[in-house]
Amino acid sequence: MSLLKVDNVTFGYSSGKSVLAGVSLDIGPGDTIGLVGESGSGKSTLLRLLLGLTRPNSGSISFNGTALDPRNAQFMRAYRRQVQIVFQDPYSSLDPRQTVLSIVAEPLRSLKIARDHRQMVMEALVSVGLEPTILGRYPHEFSGGQRQRIAIARAIVAGPSLLLADEAVSALDLSTRIRIVELLKQLSASMTLVFVSHDIGVVAALCEKIVILEQGRIVESGDTKTILANPQHPYTQRLLASVPRMPA
Amino acid sequence: MSALLDIKQLSLHTENVRLLYGVDLTIAPGERVGLIGESGSGKSLTAMAATGLLPTNIRASGSITLAGRPVIDASEHQLNLLRGSAAAVVFQEPLTALDPLMRIGRQIAEPLRRRAARDGQRLSGTELDAAVLAMMGDVALPDPERIARAYPHEISGGQRQRVAIAMALACKPSLLIADEPTTALDVTTQAEILCLLDRLVRERNMALLFISHDLPVVAGIVDRVVVLRQGEVVEAGPVHQVFAHPQHAYTQSLVAAAHAFDTALGAAP
């Protein structure tokens, strides 16, 4: 059975043209899937729908067979425990006035998980490659890469089954980016990962499956290696041909 | 031939922070040089210093010569004579580089008019309009009459960057400085803008200083690279040589990371 199922979803903001048209996705447990698209492709809107922040105009999204319904508070609380997100910008996604302990423990507080928060935070920090001794420090004391590790620790502390990442490495320098991609790859062994990015190179390095979005439609999807080796849709071909390559 | 831009032992510092230390960078007329480094390496500051655009709280030592004239400690008047004709800059974010309240046509007309005045010509209204449309054609902007009447928010990011390039070219500079000109753009748009820059720089025999953190992008457009790290040059040389056989550990780590993503994509199409 699929973990997250998007069935023929259409979405448009009130003023006219649809942002997503007939989008269907089947994300199985353990999948590592990359959603690739340029500006206006609808990837951020799709992510908002997956988070249950917005409802589709038509079609449905279900998690473990139950339809996502932002009005059902009880379901959404359980959903939040299962699904967490890492955002693009580690400078704006961490509250500068909170300590690392308080930031990473936030999902535990809001989900009312009554266990030893300090212990759980320390375990999460270790699994993202940070020292557990940084609990009392503040975000400004860390580099961009370290902050993104803190954001990832916050996302995994409650033990979600699905991790969403929205351009999670795009704001990072190249040498930091490769390390965070390695970390996400390592974490993806124990959870499902949906990685949204405009950068097909990063997706190629991280995801087994790929979904190519263009102007609100899925133009191609499947096994990453197969699609990269033999792209079928003209847009995928153009996208791949546009990526600057290292000299041989 | 003497260098167009000659930076020697440039150091920059604020009251208590050292930003750049002992940087050497030379660009000959028509030469294309890439300046690469990660955030905070000082690559944009180097470009700012070259055109005398440093904030007043930053002190510079060493020497910068642009088109045979000293830049450090030059007066605003002397610098204004150099800016545009010796070097023009295209910045990363075209939305902030353009005036949001001015129609595109007028923004391109301004540097054209100033350049003509500098060459001792006065363009009439119709001549200027024709020059604006010709310039827009040179940077392959579609439907130039419509875009000339549009405001920056009414056109796409790629089109805005074409406008910024047109404005820089209108100055007829000997050196075009492009500071991360494609970083804010989609990859398919980036490919078009890189192709455009490459063609224009060749056609007009301009020198190019291309600043970027993106190694494959730099590899495609320059002949020589300078690698900056935390304000110091760690390596410099022909781009193929530096990327194929990086000597410094830092360059090696950058090249390895770039290759990791490149390899994941498989063979180039």
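**Where chain A meets chain B**

Guide: Happy to. In this predicted model, 25 residues of chain A are in contact with 28 residues of chain B. On the side of chain A that touches chain B, the elements giving two or more residues are α7, α8 (200–206), α9 (224–229) and α10 of chain A. Of these, α10(A) gives the most, with six residues. By type, the residues on this side of chain A divide into 15 nonpolar, six polar and four charged.

Let's stay with α10(A), then. As for handedness, α10(A) passes α8(B) in a left-handed crossing. If you want to pick out the residues on your screen, select R238(A), L239(A) and S242(A) in α10(A), which meet V187(B), T188(B), Q190(B) and A191(B) in α8(B). The residues of this contact between α10(A) and α8(B) divide into three nonpolar, three polar and one charged.

Now for the surroundings, beginning with chain A. Here you will find an open sheet of six strands with mixed pairing, in the order β6-β7-β8-β3-β9-β10. Its edge strands are β6 (83–86) and β10 (217–223) of chain A, each of which pairs on one side only. Direction ignored, neighbouring strands of this sheet are turned by 15° against each other on average. At the β10 end, strand β9 of chain A (residues 209–214) runs antiparallel to β10(A), and six bridges join the two. For an example of a bridge, take I210(A), whose partner in β10(A) is G222(A).

E167(A) sits in the loop between β7 (162–166) and α7 (174–187) of chain A. Most residues other than glycine have a negative phi. The phi of E167(A), however, is near 50°, a positive value in a residue other than glycine. With 19 C-beta neighbours inside 10 Å, E167(A) counts as partly exposed; a residue needs 20 or more to count as buried.

Another residue of chain A worth a stop is T45(A), in helix α1 (residues 43–50) of chain A. T45(A) is buried, with 23 other C-beta atoms within 10 Å. Leaving out residues up to four places away in sequence, T45(A) touches F11(A), V19(A) and L20(A). The C-alpha atom of T45(A) is separated by 9.4 Å from that of G12(A), and these two residues are 33 residues apart along the chain.

Over in chain B, helix α1 (residues 43–50) has six of its eight residues buried, so α1(B) is largely enclosed by the rest of the structure. Those buried residues are K43(B), L45(B), T46(B), A47(B), A49(B) and A50(B). Just after α1(B) comes G52(B), which takes a positive phi of about 65°.

The axes of helix α4 (residues 104–118) of chain B and α5(B) come within 9 Å and cross at roughly 105°. That is why α4(B) and α5(B) are roughly perpendicular to each other. On the α4(B) side the contact is made by G105(B), I108(B), A109(B), L112(B) and R113(B), and on the α5(B) side by L128(B), A131(B), V132(B), M135(B) and M136(B). The residues of this contact of α4(B) with α5(B) divide into eight nonpolar, one polar and one charged.

Following the chain on from α5(B) brings us to our last stop. D143(B) is in the loop between α5 (125–138) and α6 (144–149) of chain B. Although D143(B) is not a glycine, its phi is positive, at about 50°. D143(B) is exposed, with 10 other C-beta atoms within 10 Å.

Notes: Residues are numbered from 1 along each chain as its sequence is written. Chains are lettered from A and ligands numbered from 1 in the order in which they are written. This is a predicted model: local features need pLDDT of at least 70, side-chain atom pairs count only at pLDDT 80 or more; totals for chains, interfaces and linings use all residues. A crossing is left-handed if the near helix is turned anticlockwise from the far one by less than a right angle, and right-handed if clockwise. Helices (H or I, at least four residues) and strands (E, at least two) are DSSP runs, numbered from the N terminus. Two residues are in contact if their C-beta atoms, placed from the backbone, lie within 7 Å. Ala, Val, Leu, Ile, Met, Phe, Trp, Tyr, Cys and Pro count as nonpolar, Asp, Glu, Lys and Arg as charged, and the others, Gly among them, as polar. A residue is buried if 20 or more other C-beta atoms lie within 10 Å of its own, exposed if 12 or fewer, and partly exposed in between; C-beta atoms are placed from the backbone. Two strands pair if DSSP finds at least two bridges between them. Axes are lines fitted to C-alpha atoms, for helices over the stretch in contact, and angles run from 0 to 180 degrees between N-to-C directions. Angles under 35 degrees count as roughly parallel, over 145 as roughly antiparallel, 65 to 115 as roughly perpendicular and the rest as oblique.
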